[in-house]
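Please walk me through this model, starting with the ligand sites and then turning to the sheets.

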Amino acid sequence: MTVLCLVEHESGVPIEASLRALTAARVLAAGPAPAADPALAGDAAQGGDAAQGGDAALAGDAALAGDAAQGGDAGLAGGPGLAAVVFGAGSLDAEVLGSYGVGVVHAVGPDPDPGYAPLAWARCLHSLMESVGAVAVVAAGTGRGAEVMAHLGAITGLPVAANCVSAEWDGIGVCRLVRQRWGGLLLEDAILEAPVALLTVAAEAVPPAPTPEPVPVEVRVVRPELDEADLAVMAAESAERASGASLATARVVVGGGRGVGGPEGFAPLEELAGLLGGVVGVSRVVTSEGWRPHTMQVGQTGTRITPEVYLACGISGAIQHMAGCSGAKHIIAVNKDPGAPMVSAADYAVIGDLHEVIPALVAALRERGLT
Amino acid sequence: MEIGVCVKRVPMVGGTIVLTPDGQEVDTRMSGFTISPHEECAVEEAVRITERLGGTVSVLTLGPAVAAEQLRDALALGAGRAVLLETDGAGWGPIATAAAIADEVRRRAEAGSGYDLLLLGNEAADTGDYQVGVRVAHLLGWPCVTGIKHIEFTEGGLRAGREYRGVSETFDLSLPAVVTVKEGINLPRYPSLPGRLRAKRAQIEVYPVSPAPEGLRTQGLRVPAATRQQARIIGTGVEAVPALVGLLDELGVLS
Ligand SMILES: Cc1cc2nc3c(=O)[nH]c(=O)nc-3n(C[C@H](O)[C@H](O)[C@H](O)COP(=O)(O)OP(=O)(O)OC[C@H]3O[C@@H](n4cnc5c(N)ncnc54)[C@H](O)[C@@H]3O)c2cc1C
Ligand SMILES: Nc1ncnc2c1ncn2[C@@H]1O[C@H](COP(=O)(O)O)[C@@H](O)[C@H]1O
């Protein structure tokens with residue numbers, strides 16, 4: 001009995017969204033053991049690693065941990081245990097996963113390594129889910145995580161709870177969870193009742209936290225038997241990466257909204273972003289007016305940013321825009337209107353015309369020797 | 001090319017989001033209704049494809065009778081046919097929604113003019129379930145890809161592109177297929193006056209559907225607690241610039 005977590009990685013290094021997913025999955029892996037099926041319990045006892053994988057201390061909820069202790073065999077052993085599923089794991093840094101409480105890594109491939117084929121990934125998850133008797137399957141709420149879990153939901157006919165912020169057991173086969181709705185503008189309290197809980201974890205909501213007691217990791221190679229049809233839709237990746245600092249990872253983002261006034265008005269913002277080693281991000285008004293491409297849009301239907309500083313110029317701070325920038329560590333608003341929602345939402349504000357403030361700021365930074 | 005586009009009627013939320021007192025739904029007494037930006041782009045993409053290659057765009061929605069408003073909006077933009085899968089207004093989960101959409105796709109195929117392509121949004125604006133398109137594809141046995149920002153047609157199929165973590169990916173799919181798209185794939189047009197007039201007069205096909213319970217049940221909605229306080233005003237106009245430079249320095253972004 002296990003909680004399976006799909007872990008995405010880049011050149012062997014797990015991506016942060018997957019570490020967040022593992023952090024959330026660990027709570028489920030700590031129990032209480034939700035099923036009393038003797039066949040499944042036997043499976044858990046025999047795979048002793050499952051016991052080590054659990055981390056009751058991390059349940060963060062004494063009642064839950066207590067329940068786990070009374071919850072039968074697997075519970076006594078500390079819950080169902082946490083296992084990772086990794087595709088193309090050749091270069092994987094398994095130790096990092098151990099530090100997140102993963103007892104077993106199911107390494108799919110490398111021969112044959114299916115590459116990214118959403119249906120094939122879901123089929124592998126499905127067969128692992130059945131062979132280990134998983135009680136939950138968790139993935140990060142990334143493009144791939146959401147896509148693979150949707151396929152798994154369709155294959156199994158089970159519901160999928162997307163973009164969870166937290167999840168814990170509330171009895172056998174019952175999961176009490178909180179998930180994001182409206183792009184994170186609202187939270188939903190929900191009950192997921194299903195023989196296997198399928199969920200994705202909201203990409204920014206759960207801070208990644210290693211367990212205080214890392215566990216030794218056992219890597220098991222899985223060689224999937226795949227149908228040709230499962231590989232029919234497969235990603236062909238272009239070798240080149242998008243150039244320059246990308247919006248999602250930039251340390252500084254200079255935001256421009258309708259207040260910029262037109263496509264030419266962005267020159268000073270771009271100059272400022274250059275001086276600060278950052279990039280320009282924009283509101284939806286800017287992209288729907290065609291002033292800048294959609295790739296630069298910050299928000300619910302654009303990119304979510306997490307810079308050190310977000311300098312939002314001429315942006316009103318509509319709720320859908322805030323959904324994309326509230327992950328910024330510090331927000332500085334530059335706005336003519338002291339009543340703009342962005343001014344309330346920001347940490348600091350300059351009240352004034354961005355067409356005066358930004359060029360003056362650029363000049364002052366140049367004077368300080370920034371280039 | 002016969003293209004079906006699935007759109008969902010959702011409340012239009014502005015600067016703030018207000019819930020009903022029981023916390024069960026978004027309060028829509030003061031707001032209008034719309035569809036998600038991804039779905040607006042799906043409609044636009046379908047219209048552009050049929051303008052190029054010929055064929056019809058059918059727009060489908062599952063919802064209450066008033067969801068006809070969203071169908072007419074799509075008709076005004078160039079869709080030629082509209083189908084309402086009419087519910088009694090209760091919320092539907094993604095499993096039942098996908099089943100009802102798949103039934104309509106089969107009905108259309110049996111009538112002899114089946115869809116070659118089904119376009120949906122990557123996720124609905126309200127529930128954000130990220131799954132209806134994939135579930136429909138499985139029910140039909142069609143290939144499927146999600147989150148697409150570029151579509152081109154190839155011999156016998158289509159090539160769909162997206163970016164993932166800074167790397168561009170393309171997928172080749174045979175037709176018929178299900179593709180879910182994201183805002184940014186195109187810049188939707190505004191409706192023309194003749195389009196609006198045509199939409200007003202158009203017939204909408206209505207099929208009643210009945211719901212089935214699902215394993216994910218909403219207990220209630222809430223607005224997350226605000227994490228920031230009112231901003232500290234550091235100055236007005238250009239006079240604020242020295243303080244602004246000082247602040248940027250303090251925040252460690254000047255080195
Ligand atoms: C489902 C949905 C998804 C959406 N997704 C997104 C999204 O991803 N991203 C997004 O940004 N929006 C999104 N929106 C749109 C959003 O609701 C707003 O319409 C949009 O963010 C407003 O853009 P804005 O702030 O640039 O323009 P406005 O709201 O018009 O604000 C302009 C601001 O500029 C200020 N200003 C004007 N002139 C000056 C000047 N000279 N100097 C300084 N300040 C000035 C004004 O005081 C005002 O505050 C979405 C909407 C919906 C319905
Ligand atoms: N009630 C509905 N009627 C028509 N299409 C829908 C409905 N619900 C969802 N969809 C489509 O499925 C997409 C994904 O929705 P979801 O999986 O709920 O996030 C949406 O963008 C729509 O294109």
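Which backbone N or O atom lies 3.4 Å from an oxygen atom of ligand 1? That atom belongs to Gly302(A). The pair is a polar contact, that is, a pair of N or O atoms within 3.5 Å; within protein, one must be able to donate a hydrogen and the other to accept it, and residues adjacent in sequence count only if both atoms are side-chain atoms.

This is a predicted model, in which local features need pLDDT of at least 70 and side-chain atom pairs count only at pLDDT 80 or more, while totals for chains, interfaces and linings use all residues. Residues are numbered from 1 along each chain as its sequence is written, chains are lettered from A and ligands numbered from 1 in the order in which they are written, and side-chain values use heavy atoms, with hydrogens and water left out.

Two further polar contacts of ligand 1 can be named. A nitrogen atom of the ligand is 2.7 Å from a polar backbone atom of Val298(A), and an oxygen atom of the ligand is 2.7 Å from a polar side-chain atom of Asn335(A). On its own, ligand 1 has 990 Å² of accessible area, of which the protein covers 82% (Shrake-Rupley method with a 1.4 Å probe; for residues, only the protein chains shown count as cover).

Around ligand 1 there are 27 residues, and those that come nearest are Arg258(A), Ser283(A), Ser316(A), Gln320(A) and Asn335(A). A residue is counted as near if one of its heavy atoms lies within 4 Å of the molecule or strand in question. The surrounding residues come from chains A and B, so the site is shared between chains. In chain A, helix H10 (284–288), helix H11 (319–325) and helix H13 (354–367) each supply at least two residues of the shell. Helices (H or I, at least four residues) and strands (E, at least two) are DSSP runs, numbered from the N terminus. The shell divides into 7 nonpolar, 15 polar and 5 charged residues; here Ala, Val, Leu, Ile, Met, Phe, Trp, Tyr, Cys and Pro count as nonpolar, Asp, Glu, Lys and Arg as charged, and the others, Gly among them, as polar.

Ligand 2 has 19 residues around it, with Cys6(B), Glu39(B), Leu62(B), Ala124(B) and Gln131(B) coming nearest. An N or O atom in the side chain of Glu39(B) is 2.5 Å from an oxygen atom of the ligand. Backbone atoms take part as well: a polar one of Gln131(B) is 2.8 Å from an oxygen atom of ligand 2, and a polar one of Val7(B) is 3.3 Å from a nitrogen atom of ligand 2. Taken alone, ligand 2 exposes 480 Å², and the protein buries 97% of that. The shell holds 9 nonpolar, 6 polar and 4 charged residues.

Two strands pair if DSSP finds at least two bridges between them.

Strands S7 (residues 160–169) and S8 (residues 174–181) of chain A pair in the antiparallel sense over 5 bridges, and Cys164(A) has Arg179(A) as its bridge partner in S8(A).
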